[in-house]
Amino acid sequence: MSLVTNLIDDKSPLILYDLTWLPGNSWDDSSADQYYLGTFTTNNVTNGAASFSFNGTGVWIYGAKRSNHNTFTVQLDDVTYGPYTGYSAASEFMQVLFNYTTLSQGLHNLTLTNTGTNSEYVDIDLIVWQSEVGSGGQELVTETVQDTDPRFQYQSSVWTSPPDANFYSNGTGHYTDGYLASVSFIFTVGEMVTLFGATSTSTGPYTVQLDGGNVSKYNGTAFLPFYGVTLFHADNLGSGQHNLTLTNVPAATGQQLCIDYALISTVSK
């Protein structure tokens, strides 16, 4: 069995922020470059919440501890932990704000809530989680699948190459602004899949469906262009053929869905 460590930056749509969270930036925070990849998402509203669901056995939330930060709680499944404090007289970055490492392998839901009462802050820098994949003695073999691979099946009339494709992996990408335009990524014997894309002020909401299961909705809007962003992740898929479908569901005319590449991992025999 392999213990796989996964990481997403704060700007991944997989983290669901309520409307009280805002992107941190270097224009009004000279310490922005101290965060992982120079980005963070911040909140100074009482009861402002951010949620994340993952399949695994352990999870870590990273953020900063600073003089204008205060308390927060974390709900993991049905248990609430804290309050914890994010206060530090001297700023400390890339700090573990919360971690739990003895979960049973499976789906877990996590929510961080700002409990400060005087416009005090909490921020999220990145989230790390671990998942058990495969069985004893097996290792993962990972393949990179570019967006031009025939395993990506697009509605060709509404998908095209983005004008900023040179910033994408391998210099290629696909994007659409068509309403309900979809792409299916069909792969076989994958134990784990991660799909990457681009986000910006021009991208918007999209849905994801894996193997005909429940449909999940995410918001791909960002305040700046970002590339190599995790749009979806799933593991413990089991052997056989899998179908991952992403659909553009713009909240406003012209909002886009941008696809870059996928990683699929298979357990060795």
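Modeller: Gly-212 is exposed, with a relative accessible area of 63%, where exposed means over 50%, buried under 20% and partly exposed in between, for a 1.4 Å probe and protein chains only. This is a predicted model, in which local features need pLDDT of at least 70 and side-chain atom pairs count only at pLDDT 80 or more, while totals for chains, interfaces and linings use all residues. Residues are numbered from 1 along each chain as its sequence is written, and side-chain values use heavy atoms, with hydrogens and water left out.

Gly-212 sits in the loop that joins S18 to S19; strands are DSSP runs of E of at least two residues, and helices runs of H or I of at least four, numbered from the N terminus. Although 32 residues separate Gly-212 from Leu-244 in sequence, their C-alpha atoms are 8.5 Å apart. Leu-244 itself, when residues up to four places away in sequence are not counted, touches Val-183, Ser-184, Phe-185, Phe-187, Val-193, Leu-195, Val-208, Gln-209, Leu-210 and Phe-232, contact being heavy atoms within 4.5 Å.

Leu-244 also belongs to the largest nonpolar core, which has 48 residues and in which Phe-152, Phe-185, Leu-244, Leu-246 and Ile-259 have the most contacts. S20 supplies the largest share of this core, 5 residues. Apart from it there is another core, of 5 residues, including Ala-32, Tyr-35, Ala-64 and Phe-93. A core here is a set of buried Ala, Val, Leu, Ile, Met, Phe, Trp, Tyr and Cys residues joined through side-chain atoms within 4.5 Å.

By class, the lining of the largest pocket has 12 nonpolar, 8 polar and 1 charged; Ala, Val, Leu, Ile, Met, Phe, Trp, Tyr, Cys and Pro count as nonpolar, Asp, Glu, Lys and Arg as charged, and the others, Gly among them, as polar.

A pocket is an open set of points, on a 1 Å grid over the protein atoms alone, with protein on both sides within 12 Å along at least five of seven lines, whereas a cavity is a set where a 1.4 Å probe fits but cannot get out; lining residues have an atom within 4 Å of a point. Grid points are joined across faces, edges and corners, and a volume is the space filled by probe spheres set on the points.

The structure holds 1 cavity of 30 Å³ or more, and the space in the largest cavity is about 30 Å³. Its lining is made up of Ala-198, Thr-199, Thr-203, Gly-204, Tyr-206, Gly-220, Leu-231, Gln-256, Leu-257 and Cys-258. Two or more of these residues come from each of strand S17 (192-199) and strand S22 (257-267). The lining of the largest cavity divides into 5 nonpolar, 5 polar and no charged residues.
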